[in-house]
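Here is a brief report on one fold.

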Amino acid sequence: MIIYNVTVNIEDSVHNEWLTWIKAHIPQVLATGKFKEAKLTKVLVEEEMGGQTYSIQYRAHSREALNDYYANHAEALRQDGLKKFADKMLAFRTELEVVDEYTVDFK
């Protein structure tokens, strides 16, 4: 399984607006049908550059689904955020391959 991770640092001046926007944006990404789920997490490290940092992790159905997302959906969805927050945010993307998963139940 592949996780498509987007890490975003957003300036404090637009933080609340961006947070509202990203909570609407994530369902749009999921609506492409290429991902099983998404998690929005806040990075709990204070950045030297300031602002707030978040990670959005999308679980792709498959490598092929992620490639299709890149080819047919990613650019348009990215442009929306760039138009709204262009110089107020810094984003980078990584792909993570799930090697193994573990759970524990202490009941």
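Axes here are lines fitted to C-alpha atoms, for helices over the stretch in contact, and angles run from 0 to 180 degrees between N-to-C directions. The model is predicted.

Four strands make an open sheet, ordered 2-3-1-4, with antiparallel pairing. Strand 2 and strand 4 are the edge strands, and each pairs on one side only. On average, neighbouring strands of this sheet are turned by 15° against each other, direction ignored. Nine bridges join strand 1 and strand 4 in the antiparallel sense.

The table gives their angles.

| Helix | Lies across | Angle |
|---|---|---|
| Helix 1 | strand 1, strand 2, strand 3 and strand 4 | about 5° to strand 3 |
| Helix 2 | strand 1, strand 2, strand 3 and strand 4 | about 40° to strand 1 |

Which residues of helix 2 are buried? Helix 2 spans residues 63-72, and Ala65, Leu66 and Tyr69 are buried in it. Seen down the helix axis, these buried residues fall within an arc of 100°, so they line one face of helix 2. An α-helix has 3.6 residues a turn, so residues three or four places apart point the same way. The face turned away from the buried side carries exposed Glu64, Ala71 and Asn72. The cover over the buried residues of helix 2 includes strand 1 (2-10), helix 1 (15-30), strand 2 (35-42), strand 3 (52-60), helix 3 (74-85) and strand 4 (89-97).

**Core.** The largest nonpolar core has 23 residues. Trp18, Phe35, Tyr58 and Tyr69 have the most contacts inside it. Strand 1, helix 1, strand 3, helix 2 and helix 3 each supply at least two residues of this core. Helix 1 gives the most, with six residues. In soluble globular proteins, nonpolar side chains tend to be buried together.

Asn5 lies in strand 1. Is Asn5 buried or exposed? Asn5 has a relative accessible area of 6%, so it counts as buried, the cut-off being under 20%. The side chains of Asn5 and Ser55 are joined by a polar contact of 2.5 Å. Not counting residues up to four places away in sequence, Asn5 touches Ser55, Ile56, Gln57, Phe92, Arg93, Thr94 and Leu96.

Conventions:
Residues are numbered from 1 along each chain as its sequence is written. This is a predicted model: local features need pLDDT of at least 70, side-chain atom pairs count only at pLDDT 80 or more; totals for chains, interfaces and linings use all residues. Side-chain values use heavy atoms; hydrogens and water are left out. Buried means under 20% relative accessible area, exposed over 50%, partly exposed in between (1.4 Å probe, protein chains only). The arc is that of the directions from the helix axis to the C-beta atoms. Contact means heavy atoms within 4.5 Å. A polar contact is a pair of N or O atoms within 3.5 Å; within protein, one must be able to donate a hydrogen and the other to accept it, and residues adjacent in sequence count only if both atoms are side-chain atoms. A nonpolar core is a set of buried Ala, Val, Leu, Ile, Met, Phe, Trp, Tyr and Cys residues joined through side-chain atoms within 4.5 Å. Two strands pair if DSSP finds at least two bridges between them.
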